[in-house]
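Student: Could you take me through one part of this model in detail, beginning with a charged side chain and an aromatic ring, and then going on to the aromatic pairs and a helix with its surroundings?

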Amino acid sequence: MGKGGMSHGGAGEGKDGEEEENMAAWLLGINSLKIQPFKLPPLGPHDVRVRMKAVGICGSDVHYLKTMRCADFIVKEPMVIGHECAGIIEEVGSEVKSLVPGDRVALEPGISCWRCNLCKEGRYNLCPEMKFFATPPVHGSLADQVVHPADLCFKLPDNVSLEEGAMCEPLSVGVHACRRANIGPETNVLVMGAGPIGLVTMLAARAFGAPRIVIVDVDDHRLSVAKDLGANDTVKVSTNVQDVAEEVVQIHEVMGAEVDVTFDCAGFNKTMSTALSATRPGGKVCLVGMGHSEMTVPLTPAAAREVDVIGIFRYKNTWPLCLEFLRSGKIDVNPLITHRFGFSQREVEEAFETSARGGTAIKVMFNL
Amino acid sequence: MSKKDEGENMAAWLLGIKTLKIQPYPLPPLGPHDVRVRVKALGICGSDVHHFKTMRCANFIVKKPMVIGHECAGVIEEVGSGVKSLQVGDRVALEPGISCRQCDLCKSGRYNLCPKMKFFGSPPTNGSLANKVVHPADLCYKLPENVSLEEGAMCEPLSVGVHACRRANISPETRVLIMGAGPIGLITLLAARAFGSPRIVIVDIDDCRLSIAKSLGADETVLVSTNIQDLSKEVELIQNAMGCGVDVSFDCVGLNKTMSTALNATRSGGKVCLIGLAQSETTAPLTPTAAREVDVIGIFRYRNTWPLCLELLRTGKIDVKPLITHRFGFSQKEVEDAFETSAGGGNAIKVMFNL
């Protein structure tokens, strides 16, 4: 069962141990995670084997733990959890030229088919055959090691840590949204929700040049974190749909200008209604958060002002840009990592509990 | 049918709910960049009917008597001192809206969204169902020889379809679904075809409208219901009728059912264009569609569409004549009959005044 039982001192450097059993955190049922052996597939010619060093917990991971499903994805058999990760190359497949053992890499989780029209057009994030870490039935990466295509492993610049490498995944969502929304030096941005996704979106928007960013949330603490991370202004809002009109007024006052683009990183009727009402004619609302499935919102008045609603699903071709932002310091994701745990049964359980609790926990990170 | 060449200018005034009266309409003096146009053809729009029935349309409220009508074409009678591009006798189609030309939206080309827009027949701006109107010369477009005044008036509704096709990027690769085979659905069908769409499926609850759509070139039609329970079944029928993914859907109705159908039926990475402005709050599965990166594009009127519309009419790439189903002259009784006919829907698609 690996080295000395379940315990795995997380902080150590590359464990020698070609014969060690690979262990992973398996989702077995609701609120039931267990570290168990995870047999790796053989290394294909274009694959690499990566020793995991840093893995972050995402809201979707927590959702799977609590409900064994996420939208239409249902966990029908035990599945390894986790997908926001970085590690060190241990072995490369026969055709791999771009990476060597010892390279530190950040992993892009999803393997698309590369053959369908969407893939060939570059919109591979929408590939219907996508195999994505920890989206059932594909195993995730909260494990000692994983096998992954080399082209989805991106070498970290020297000054970018493994934890920052793992943060590329959530950061990619913000970067992809900023691209689709065309954020630039002329776009004043409103962000609905100061959770992890709202915060990476804010960091990304700033990196893309947004001159003014206002962020809203129901939680004062999260708003103060947002302020520390560079929001120009914050507005505390309620969960009450009656307050939309008044909140839109506050948002405009605080922005001091029109809202060109709004990112709804929560995805509820209230946040979407606020977003649609607050955005200027000809502006865009990016729906990033997936709070509610069916929404009741003032769509027509927004459409009659040519406010477009842009959908966001994960990301595409974002790792190189994320790594460059991190390398140059244009984005600093370190403050988002609020809690750290090692890779043991107890710590895995505590980590998920911490993440699920929200509150002061933004990104909970495993160090393996 | 009264032509008052030298007489008082008369117009159809909206005085109250369902109350239209032909009364004098004094014209403003001709500015240097204006022209005076004798109106010859004018179509009735759903929004005109809505103003007629309710004295309002969304946030536009008719607070004082207002001349109705905005889809028009006519003949130039006089040109302002600074007008070089047009002369007396020219037949022109009129773009109804005068934007401020100075705000950021105007200067970036999105003048249809100008907050100071003065639009024929949108209160408080008087419309153009009148003997004559005064209008900026740059909003009057000379008709090609082979394009009639009625076709000129049709440029206005056609512009909505053209603008939508541009925003949605319709091309020889875009398979199109159209919700609603009313006047706007039908011109969107014509515009989409003109933009090269290879396959167009149109849906409606009315068989007669579907057969008109078929005769106007729809590849397939699907009869749908108003019942939201039928949603998934209809999405399947639509996808079968299309034979492959729906790239762009135009919702020319704008109800929960039509919007939900459009969102569900459109392929990942596709677009839904919301043109129809039926209701102010919509309940629709926005999140699953956003999670497939189906974008919702808003459409408000049009911008820079007259030259293209006239070219499409000139070359015959679009034929709008079949849409003109009823004609009336400009008298009190005929104005009343015309509005009743248009409001009645059914086999009335475009009701046209000939003045």
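Tutor: In chain A, the charged end of Arg314(A) sits over the ring of Phe132(A), 3.7 Å from its centre; a charge counts as sitting over a ring if NZ of Lys or CZ of Arg is within 6 Å of the ring centre and within 35 degrees of the ring normal. In chain B, the charged end of Arg301(B) sits over the ring of Phe119(B), 3.7 Å from its centre. This is a predicted model, in which local features need pLDDT of at least 70 and side-chain atom pairs count only at pLDDT 80 or more, while totals for chains, interfaces and linings use all residues. Residues are numbered from 1 along each chain as its sequence is written, chains are lettered from A and ligands numbered from 1 in the order in which they are written, and side-chain values use heavy atoms, with hydrogens and water left out.

Phe352(A) is buried, with a relative accessible area of 3%, and Phe366(A) is buried at 1%, where buried means under 20% relative accessible area, exposed over 50% and partly exposed in between, with a 1.4 Å probe and protein chains only. In chain B, Phe339(B) and Phe353(B) form a tilted pair, 6.4 Å centre to centre with 35 degrees between the planes, and both Phe339(B) and Phe353(B) are buried.

Ring pairs also link Phe154(A), Tyr315(A) and Trp319(A) into a cluster. Trp319(A) is among the buried residues of helix α9 (residues 319-328) of chain A, together with Cys322(A), Leu323(A), Phe325(A) and Leu326(A). Seen down the axis of α9(A), its buried residues fall within an arc of 160 degrees, so they line one face of the helix; the arc is that of the directions from the helix axis to the C-beta atoms. Finally, α9(A) is followed by Gly329(A), whose phi is positive, near 80 degrees.

Note on methods. Rings of Phe, Tyr and Trp (its six-membered ring) pair if their centres lie within 6.5 Å; planes under 30 degrees apart count as stacked, over 60 as edge-to-face and the rest as tilted. Helices (H or I, at least four residues) and strands (E, at least two) are DSSP runs, numbered from the N terminus.
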